[in-house]
Amino acid sequence: MRGSSMRGSVRGTRDEDDEEALKWAALEKLPTFDRLRKGLLFGSQGAANEVDINDLGFQESKSLLDRLVKVVDEDNEKFLLKLKNRVDRVGIDLPSIEVRYEHLNIEADAYAGSRALPTFINFMTNFVETLLNSLHILPSKKRQITILKDVSGMIKPCRMTLLLGSPSSGKTTLLLALAGKLDPALKVTGKVTYNGHELHEFVPQRTAVYISQHDLHIGEMTAAATEGQEANVVTDYVLKILGLDICADTMVGDEMIRGLDSSTTFSIVNSLRQSVQLLKGTVVISL
């Protein structure tokens, strides 16, 4: 009985492997874009079912990602390798993207000084003034501000590029311009190209993604989070050197929100590096 059971188990495994091979063969015969969107999803019982990525709901997508990437530092590279093998298996060559921006000029009409502050009085004043401007009763008091002036450069494919600049130097505006997500109210001249194609020749939102920054902090961390008399003396000394003694013991956020500490930064950059190396990505990071 035991031998018969084992033979039955082996036969069942072979049948499942044969069925999976047939499903893969059927996928490989589909058109290119259909092959990219469809795959085999293994359930808890080990059975492989054909799924369309576009039809996965939010909860199904979340459960799938939780299964694939339980520990980011360990599982992200494994997931990307599986994805690369999947793409290679169906015979799709991932394109590499070279981004160029030539003589890019971006200007904006904005209020200056105290009028630019987000106060209730300014909001109401700006609203009334905009209404009167549209009726040509009152001239606009906005000033023309140059955000980027004659900027040219190239983002090479299959590598990570670090964008450095002082605050308000236009880093975010440049990234939005490269991703095709600039505010239509801005005045833009120059051009941005992806492998020689300008943004109006395709849909850049399907090729590039812009991820904005979120100003989050570690809520339970303060400027003097040490214990012991000797440690406090050292902390006071360091705070005075850094000019932070005036804000000692000040909470810097909500205790429910986690900030971008060094370990999280390393994890994010490492994940991006793996994506660039395995999937031929083009990444620009603003610091």
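How many residues apart are Lys-84 and Asp-88 in helix H4? They are four residues apart, a separation of about one helical turn. The legends below describe this pair and other close-up views of a predicted model.

**Figure 1. Overview of the chain.** The predicted model contains eight helices and eight strands. Of the 287 residues in the chain, 21% are buried. Among contacts with a separation of 6 or more, 70% join residues 24 or more positions apart. The accessible surface of the chain comes to about 20,800 Å², and carbon and sulfur atoms contribute 57% of it.

Figure 2. Lys-84 and Asp-88 are paired in a salt bridge, with 3.1 Å between the closest N and O atoms. Both residues belong to H4, which spans residues 72-89. Lys-84 is partly exposed, at a relative accessible area of 29%. Asp-88 is also partly exposed, at 43% relative accessibility. A search of the whole structure gives four salt bridges, and this pair is one of them.

**Figure 3. A salt bridge between two loops.** Lys-280 and Asp-93 form a salt bridge in which the closest N and O atoms are 3.3 Å apart. Lys-280 sits in the loop between helix H8 (262-279) and E8, and Asp-93 sits in the loop between H4 and E3, so the pair ties together parts that are 187 residues apart in sequence. Lys-280 is partly exposed, with a relative accessible area of 35%, whereas Asp-93 is exposed, with a value of 62%.

**Figure 4. The salt bridge of Glu-98 and Arg-100.** The two side chains meet with an N to O distance of 3.0 Å. Glu-98 is partly exposed, at 25% relative accessible area, and Arg-100 is partly exposed at 35%. Side chains of opposite charge can pair when their charged atoms come close.

**Figure 5. The largest nonpolar core.** This core has 15 residues. Those touching the most other members are Val-99, Tyr-101, Leu-104, Leu-174, Leu-178, Val-192 and Tyr-194. At least two core residues come from each of E3, E4, helix H6 (171-178) and strand E6 (187-194). Nonpolar side chains tend to be buried together in soluble globular proteins.

**Figure 6. Surroundings of Leu-104.** The contacts described here leave aside neighbours within four places in sequence. Leu-104 touches Leu-148, Lys-149, Asp-150 and Val-151, as well as Leu-174 and Ala-177. Further contacts of Leu-104 include Val-188, Thr-189, Gly-190, Lys-191 and Val-192.

**Figure 7. Helix H6 and its packing.** Six of the eight residues of H6 are buried, so the helix is largely enclosed by the rest of the structure. The buried residues are Lys-171, Thr-173, Leu-174, Leu-175, Ala-177 and Leu-178. They pack against E3, E4, strand E5 (159-163), E6 and strand E8 (282-286). Gly-180, which follows H6, has a positive phi near 70°.

**Figure 8. The aromatic pair.** The structure contains one aromatic pair. The ring centres of Tyr-194 and Phe-202 lie 5.4 Å apart and the ring planes stand at 55°, so the pair is tilted. Tyr-194 is buried, at 7% relative accessibility, while Phe-202 is partly exposed, at a relative accessible area of 24%. Tyr-194 is also listed among the core residues that touch the most other members.

Figure 9. Most residues other than glycine have a negative phi. His-103 is not a glycine, yet has a positive phi of about 50°. His-103 is part of strand E3, which covers residues 99-110. Asp-150 likewise has a positive phi of about 50° without being a glycine. Asp-150 is located in strand E4 (residues 143-155) and is partly exposed, with a relative accessible area of 47%. Asp-150 is also among the contacts of Leu-104.

**Figure 10. A nonpolar surface patch.** Phe-120, Ile-121, Phe-123 and Met-124 make up a nonpolar patch on the surface. Together these residues have about 480 Å² of accessible area. Phe-120 lies in helix H5, which runs over residues 120-134. Phe-120 is exposed, with a relative accessible area of 63%.

Key
Residues are numbered from 1 along each chain as its sequence is written. This is a predicted model: local features need pLDDT of at least 70, side-chain atom pairs count only at pLDDT 80 or more; totals for chains, interfaces and linings use all residues. Side-chain values use heavy atoms; hydrogens and water are left out. Rings of Phe, Tyr and Trp (its six-membered ring) pair if their centres lie within 6.5 Å; planes under 30 degrees apart count as stacked, over 60 as edge-to-face and the rest as tilted. Buried means under 20% relative accessible area, exposed over 50%, partly exposed in between (1.4 Å probe, protein chains only). Patches are made of residues with over 30% relative accessible area and no salt bridge: like charges are joined within 9 Å, nonpolar side chains (Val, Leu, Ile, Met, Phe, Trp, Tyr) within 5 Å. Accessible areas come from the Shrake-Rupley method with a 1.4 Å probe; for residues, only the protein chains shown count as cover. Contact means heavy atoms within 4.5 Å. A nonpolar core is a set of buried Ala, Val, Leu, Ile, Met, Phe, Trp, Tyr and Cys residues joined through side-chain atoms within 4.5 Å.
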